[in-house]
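Please look over the sequence and the model below before reading the report. The notes are meant to be read with the structure open.

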Amino acid sequence: MATGTAPMRVLVLGASLRGDSLNARLAALVARLVRDEAGAEVDHAHMDEFSMPLYNGDAEIAEGVPPGALALRDRLAACDALVISSPEYNASLPGGLKNAIDWVSRVRPQPFKDKQALLVSASPSMVGGNRGLWALRIPLEHLGARVYPDMFSLAKAHEGFTADGDLAESGLHERLVESVTSFLRLVEADTRYVCLRRRWYEFLGDCTDAPVTQRAQD
């Protein structure tokens, strides 16, 4: 962490609606690693904090963006980076998470644009929810998020946690620590040491006037 600067702030979202879900446990672990390993501030959120109806264009015209989506927008906008711990439903992302992304995407300025994001998952299956993370990348990257290439998926997650919330397999725990710290080093470079000017193709529908974006690229 650079000296003389405010600590980074990271939104860690457990994307399952179930209170004691495996992804809630993984989100709690990631939140702790963000604090302890990187010294960043954490906004640890749970999906059920952001209640909203199914997206409906008529409802948006009549009533506007619902409070739950605006609350998620505000917390996302207040952070330098986003970590999502998402379950896998039928080889894809959960409908509730996709619905939240759809609602939040209607707000301007677009809060996902240029936001650094790390995706993790936990599942009892042997693939650990990885297929759902690949599906989740699509809307996030379409909206302009910079999704970190190294995603983390915990297979057989019902057996994967110790009593104190760490990962039972030391090698996996070390890999998660490395993924989180490497991601946050990239976030710090992107948000604290912006020194390159590169043209950037904006997501479809963006009305940003500036054709040039200040950013750091690795």
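## Basis of the model

This is a predicted model, in which local features need pLDDT of at least 70 and side-chain atom pairs count only at pLDDT 80 or more, while totals for chains, interfaces and linings use all residues. Residues are numbered from 1 along each chain as its sequence is written, and side-chain values use heavy atoms, with hydrogens and water left out.

Helices (H or I, at least four residues) and strands (E, at least two) are DSSP runs, numbered from the N terminus. Buried means under 20% relative accessible area, exposed over 50%, and partly exposed in between, with a 1.4 Å probe and protein chains only.

Strand β3 covers residues 81-85, and five of its five residues are buried, so β3 is largely enclosed by the rest of the structure. Ala81, Val83 and Ser85 lie on one side and Leu82 and Ile84 on the other, and both faces are covered.

Two strands are said to pair if DSSP finds at least two bridges between them. β3 pairs with strand β1 (residues 9-14) in the parallel sense, over five bridges. In this pairing Val10 stands opposite Ala81, and Leu13 has Ile84 as its bridge partner. Five bridges also join β3 to strand β4 (residues 116-122), again running parallel. Here Val83 stands opposite Leu118. Between β3 and β4 the chain passes through helix α4 (residues 95-104), and this β-α-β crossover is right-handed; that is, with the strands pointing away from the viewer, the path from the first strand over the helix to the second runs clockwise.

In β1, five of the six residues are buried, so β1 is largely enclosed by the rest of the structure. Six bridges join β1 to β2 in a parallel arrangement, with Leu11 opposite Asp43 of β2. The chain goes from β1 to β2 by way of helix α1 (residues 22-38), in a right-handed β-α-β crossover.

β4 is mostly covered, with seven of its seven residues buried. Gln116, Leu118, Val120 and Ala122 point one way from β4, and Ala117, Leu119 and Ser121 point the other way. Leu119 is the bridge partner of Ile84. β4 also runs parallel to strand β5 (residues 146-147), joined by two bridges, and Gln116 stands opposite Arg146 there. With strand β6 (residues 152-154), β4 pairs in the parallel sense over three bridges; Ser121 has Ser153 as its partner.

## Nonpolar cores

A nonpolar core is a set of buried Ala, Val, Leu, Ile, Met, Phe, Trp, Tyr and Cys residues joined through side-chain atoms within 4.5 Å. The largest has 32 residues, and those with the most contacts inside it are Ile84, Leu97, Phe112, Leu119, Leu136 and Leu140. Two or more residues each come from β1, α3 (67-77), β3, α4, β4 and α5 (130-142). The most come from α4, which gives five. Another core, of 31 residues, lies apart from this one and includes Leu26, Ala38, Val42 and Phe161.

Contact means heavy atoms within 4.5 Å. Not counting residues up to four places away in sequence, Ile84 touches Leu13, Ala15, Leu97, Leu118, Leu119, Val120, Leu136 and Leu140.

The buried residues of α4 are Leu97, Asn99, Ala100, Ile101, Trp103 and Val104. Elements that cover them include β1, α2 (57-63), α3, β3 and α5. Asn99 has a relative accessible area of 9%. Beyond four places in sequence, Asn99 touches Met52, Pro53, Leu54 and Tyr55.

Met52 sits in the loop between β2 (41-46) and α2 and is buried, with a relative accessible area of 16%. Leaving aside neighbours within four places in sequence, Met52 is in contact with Pro66, Gly68, Ala69, Asn99, Ala100 and Trp103. The C-alpha atoms of Met52 and Gly96 are separated by 9.0 Å, although these residues are 44 residues apart along the chain.

## Helix α6

Helix α6 (residues 170-192) has 23 residues and should span 33 Å at 1.5 Å a residue; its end C-alpha atoms are 32 Å apart, which agrees. The expected span is 1.5 Å times one less than the number of residues. Buried residues in α6 include His173, Leu176, Val180, Phe183, Leu184, Val187, Glu188 and Asp190.
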